[in-house]
Amino acid sequence: MKPFLIGVVALVSLAANASTEENPAEALLHQMGQATEQQNYEISYILVRKNSIEPLRFRHAVVDGESFGHIAYLAGPPREVIRRGNEVSYFEPGTDPFTIESSQMIAPLPAIMQTDIAHLATLYDFVPLGRAREAGVASDVVRVSPKDGERYSYVLWIDQNSKLLVRADLLDRDGDPIEQYRALSLALSPQISEAMGQLSLLELPPVVQVPRQTSAQLKWQVTGLPEGFTPIYQNRHRLLITERPVESQMFSDGLFSFSVYLSEADKMSVREQLVRKGSRTLHSRVVGNAEITVVGDIPPATAKKVAESVKLSSATESPDSPAVETSAP
């Protein structure tokens, strides 16, 4: 091989090695994602919020090539979430059990455990913070910070041996903790797979068939989405009590999500209000005769910005759509 070509090959090799070594935190998060889906383990943990501490247990195993998961609430009324491959079943007191098609559990687990790290790398910075000890194991600590400052951040503790997440602090824009996931014990064993295999024998509720959404275009749009948030769902329905028609759109960046609702304002509508509980923010405002509400896991300032960016069209002719008389400034 000519010396020039040898030099080019060497430079390409060095660049490839540098790209994998430049951000060890990102590589660690990829390992965490793989371990979360491939290991057989049981974690007992607590979810700490401002006014509550909730004890839970999460078990995971790979059974016949499929990912099985089981969350049990350890205090209060019995509640469970069971995942078998791409089906997730929910058992809540006062509600008939049901199953939906999904590979993700809607449950009190850190969202970072069920997301695409490669996609998040375009929106968040992954910063190594050193090492610490958590849940009795040596851990690597990583901060996941948004590049634009318009969403929350995480500080993660990842077990050096298993690469499983043993602690996750969800932080607001000022760096104050909103919510903590803290493992109390972590066990890895092939026997967990055997125990979880029993879930395949259970007769779970049938899968709920979700009606297909119509392709009708909503007559309003959100013009000020934070970068990386894309629409993943839209819906039209009527409120159960008032029968008021409501249109909604859900947006997600792969880690956090929020929904925007549009309905006709009435006497109960408040000109503008902002409520935050933990990571969940609700911001509503009235424009003309339209009430715009933003609800989701985003900071209050971001929710306000999104609500103010909703561009409304002229009044619609459809009785199933909220009437709008004016456009938001």
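## Largest cavity

By class, six nonpolar, four polar and two charged residues make up the lining of the largest cavity. Here Ala, Val, Leu, Ile, Met, Phe, Trp, Tyr, Cys and Pro are nonpolar, Asp, Glu, Lys and Arg are charged, and the others, Gly among them, are polar. This is a predicted model: local features need pLDDT of at least 70, side-chain atom pairs count only at pLDDT 80 or more, and totals for chains, interfaces and linings use all residues. Numbering runs from 1 along each chain as its sequence is written, and side-chain values use heavy atoms, leaving out hydrogens and water.

The volume of the largest cavity is about 80 Å³. The structure holds two cavities of 30 Å³ or more. Among the residues lining the largest one are Thr36, Tyr41, Phe58, His60, Arg83 and Leu109. Helix 2 (24-38), strand 2 (52-63) and strand 3 (66-73) each supply at least two lining residues. Helices (H or I, at least four residues) and strands (E, at least two) are DSSP runs, numbered from the N terminus.

On a 1 Å grid over the protein atoms alone, a cavity is a set of points where a 1.4 Å probe fits but cannot get out; a pocket is an open set with protein on both sides within 12 Å along at least five of seven lines; lining residues have an atom within 4 Å of a point. Points are joined across faces, edges and corners, and a volume is the space filled by probe spheres set on them.

## Second largest pocket

This pocket holds about 240 Å³ of space. Its lining has 15 residues, with Gly33, Glu37, Met113, Gln114 and Thr115 nearest its centre. Helix 2 gives the most, six residues. The lining divides into five nonpolar, seven polar and three charged residues.

## Chain and cores

The protein chain has five helices and 19 strands. Of its 329 residues, 43% are buried, meaning under 20% relative accessible area with a 1.4 Å probe, protein chains only.

A nonpolar core is a set of buried Ala, Val, Leu, Ile, Met, Phe, Trp, Tyr and Cys residues joined through side-chain atoms within 4.5 Å. The largest has 64 residues, and Ile71, Ile112 and Val260 have the most contacts inside it. A second, separate core of eight residues includes Val63, Phe68, Ile82 and Leu199.

## Thr302

Thr302 sits in helix 5 (residues 300-308). Thr302 is buried, at 2% relative accessible area. Not counting residues up to four places away in sequence, Thr302 touches Glu150, Arg151, Arg173 and Pro226. Contact means heavy atoms within 4.5 Å.

Key:
Buried means under 20% relative accessible area, exposed over 50%, partly exposed in between (1.4 Å probe, protein chains only).
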